[in-house]
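Please open the structure in a viewer and keep the selection panel at hand.

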Amino acid sequence: MSMLVADGLTHRFGSERALDNVDLVLDTGEHMAVLGDNGAGKTTLLRILATALRPTSGRLTIAGLDAFGERRRLRHYLGYVAHAPGLYPALSARENLEFFCDLQDVDRSRVDEALATVGLTSVSHRRAGELSRGMQQRLAIGRAILHDPRLLILDEPDASLGADAADLLAGLMHDRTAVLATHDHALANRLCPRTLVLRHGRSLGTATHLRVVR
Amino acid sequence: MNPFRVALAVARKDLRSEWRTREVVPALAQFIILALLIGNFGFQVDSRNAASIAPGILWLALVFAGLVAFGRTFAAEREQASLEAMLMTPASPVAIFAGKAVAASLLLIACEAVMLPALSLFFGTPFSADVVAAVLIATVGMAALGCLFAAMVARVRARELLLPLLTLPLWIPFIIAGGQAVQSAMGLPGSYSEAISLLIDFDILFLVLTSLAARFVLDE
Amino acid sequence: MNRYERAAIGAVALMLIAGAAIFFYAPTDYLQGPVQRIFYLHVSSAIAAFGCFAVVLVGGVIYLRNESPAADRFARSGALVGVVFTTVTLVMGMLWAKTVWGAFWVWDARLTSTLVLWIIYAGYLLVRRLADPGRQAARFAAVVGIFGFVDVPVVHFSVTWWTTQHPGPVIINDALPPQMLATFLFTMACTVVLAAVMIAIRYRIETLVDEREQLFDPAKVLVAREPEPVQ
């Protein structure tokens with residue numbers, strides 16, 4: 001069954017096309033990497049797939065539901081790690097997650113599990129603003145999995161994670177459908193059987209175990 | 001999901017952040033004291049004209065402090081990119097908005113708790129329950145409007161410029177009725193109860209409109 | 001000549017006839033003298049401006065309900081034309097006030113609320129320029145348009161409740177001699193036609209802009225395109 005079907009996604013900022021007619025089908029449990037230079041449209045595509053941004057035109061179906069008509073219902077399925085961590089610097093790591101538990105309407109007991117998954121249990125009392133960039137990134141990932149989503153949309157989560165990024169991400173993506181934007185071709189090849197390459201907002205097609213020639 | 005729980009969680013989160021960083025209230029309280037000081041020199045206030053000038057200075061200081069308080073609430077979310085994270089949850093955007101508006105109004109009320117005693121200290125005007133009530137009742141509707149447009153401008157360019165341009169014209173009814181209420185509470189002619197009931201009408205009108213419009217301002 | 005040019009020429013011709021009626025047909029007011037002739041265009045453009053802002057309100061409400069780009073284009077056009085007519089109203093009113101009341105400005109309910117009206121819709125045009133073009137600008141502007149439309153009567157009421165100096169509606173209570181009334185009604189009709197033609201032309205321009213920028217769903221924009229003329 002298809003988890004995610006995108007049909008002709010186009011987004012414009014002013015007269016500039018950030019994303020141009022991208023089609024995409026993702027089966028349940030499938031992992032796909034999105035590669036491309038800076039400004040190729042990766043973030044725009046992922047924001048649309050996460051229903052954080054409505055495309056100028058095109059259709060998106062997630063789990064058989066129209067992604068923009070039913071987006072409040074769909075958000076139980078969706079975990080999104082955005083480009084910026086989006087945390088509250090004055091709150092501790094634990095308080096950040098507890099707050100989002102309340103908004104997600106899940107039990108606060110999920111916090112311990114999420115902290116353990118991303119390896120932040122020992123610093124959970126520290127304020128988010130005092131954590132290193134990599135720890136903030138982990139905390140943002142922890143927030144995205146609080147509600148145990150079926151579909152993960154990850155926008156360059158490896159950017160500041162460090163050496164064990166691949167293991168952490170592999171663990172998260174196991175048993176879930178995932179879209180991962182990254183610059184790291186080796187990571188993409190290791191985690192995702194399929195790859196979508198974007199250039200100037202257009203899809204250069206998907207490939208399985210793409211060999212990227214610079 | 002219970003929207004009241006969401007609003008409560010959002011408000012508590014904002015107040016806790018403010019309590020730890022003390023970013024907004026001390027700065028705004030100091031700003032208000034300065035505004036009173038400038039008002040004194042600008043108008044040459046003495047014991048005879050204080051009752052007619054002090055209400056004007058009060059509303060000027062309050063209006064500009066309010067713009068900063070409400071603007072700051074949403075600008076901080078934008079800088080931290082956390083507004084999107086909140087909106088990505090299944091929680092209702094109206095409840096999120098309400099939580100932020102409640103927290104921002106409580107911050108402004110904390111500043112008012114400095115301003116009103118300072119006003120009567122500096123200008124010798126009476127510090128009565130009537131004055132406090134008028135200011136608090138006006139704060140409700142002004143906060144609803146101010147937060148709605150603060151949420152809007154947080155998502156556009158040149159927001160520092162746009163927030164006063166959009167908000168001040170809509171606050172004029174509150175300033176007129178609130179000014180009248182405070183003046184009569186300070187002993188000038190005019191009906192206090194009429195002004196207060198007008199303020200309550202404006203509160204209801206704009207609370208209803210704001211809660212209907214919040215969805216369109218926050219949702220993508 | 002296309003139909004927009006023909007409509008524009010027609011509207012200007014009507015306004016010239018109205019001008020002739022104001023200066024040559026309507027009698028001179030025996031109290032105020034010739035300056036009273038400002039009345040005809042002053043009140044007419046105020047009414048036209050209210051009509052324009054009603055278009056903004058209705059367009060905005062429809063847009064928020066079903067995201068129709070056409071409704072948004074109407075709102076955009078109405079706001080721009082409305083600000084023009086409000087400016088005319090304010091300037092003519094100030095000239096009249098200087099002669100009759102001795103001051104360009106008094107803080108009366110009608111003057112204050114008209115000024116607030118002007119400020120709000122100038123803000124509306126600013127929001128349109130500063131928000132992301134497309135859906136965001138349309139949605140934010142619709143909210144501003146709705147709040148503005150509600151706020152103006154509220155401001156008016158709040159000042160009235162305080163004190164007022166501006167004359168009330170003179171037309172309804174038969175205070176005008178028949179020739180003045182006829183001139184006024186004719187001028188008002190011509191001004192409303194002018195405003196409608198301006199909105200129609202502006203609507204056409206906004207349609208072309210939308211087509212070029214394709215900010216809304218292209219399928220919907222194409223529906224609004226007129227058929228190409230057959231050679």
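This is a predicted model: local features need pLDDT of at least 70, side-chain atom pairs count only at pLDDT 80 or more; totals for chains, interfaces and linings use all residues.

**First stop: chain A as a whole**

Seven helices and ten strands make up its secondary structure. Now switch to the C-alpha trace: along its principal axes, the trace of chain A spans about 45 × 40 × 35 Å. How does the radius of gyration of chain A agree with that of a compact globule? For 214 residues, such a globule would have a value near 17 Å, and chain A has 17 Å, so the two agree.

Next, consider how the residues of chain A are placed. Of its 214 residues, 49% count as buried. Among contacts between residues at least 6 apart in sequence, 66% join residues at least 24 apart in chain A.

**Second stop: the two domains of chain A**

Colour residues 1-77 together with 149-214 of chain A; these form domain 1 in the domain assignment. The C-alpha centres of domain 1 and domain 2 of chain A lie 23 Å apart.

Where the domains meet, ten residues of domain 1 of chain A are in contact with ten residues of domain 2 of chain A. Which classes of residue does domain 1 of chain A bring to the side that touches domain 2? That side has seven nonpolar residues, three polar residues and no charged residues.

Show chain B alongside chain A. The contact between them takes 23 residues from chain A and 20 residues from chain B. On chain A, select helix α3, residues 93-104: with five residues, this helix gives the most to the side that touches chain B. By class, that side of chain A has 14 nonpolar, three polar and six charged residues.

Finally, show chain C with chain B. Here 24 residues of chain C are in contact with 20 residues of chain B. Select α4 (109-130) and α5 (135-162) of chain C, each of which supplies at least two residues of the side that touches chain B. Which of the elements of chain C gives the most to this side? The answer is α5(C), with 15 residues. The side of chain C that touches chain B divides by class into 19 nonpolar, three polar and two charged residues.

Conventions:
Residues are numbered from 1 along each chain as its sequence is written. Chains are lettered from A and ligands numbered from 1 in the order in which they are written. Two residues are in contact if their C-beta atoms, placed from the backbone, lie within 7 Å. Helices (H or I, at least four residues) and strands (E, at least two) are DSSP runs, numbered from the N terminus. Ala, Val, Leu, Ile, Met, Phe, Trp, Tyr, Cys and Pro count as nonpolar, Asp, Glu, Lys and Arg as charged, and the others, Gly among them, as polar. The radius of gyration is taken over C-alpha atoms; the globule rule is 2.2 Å times the number of residues to the power 0.38. A residue is buried if 20 or more other C-beta atoms lie within 10 Å of its own, exposed if 12 or fewer, and partly exposed in between; C-beta atoms are placed from the backbone. Domain bounds come from an automatic or database domain assignment.
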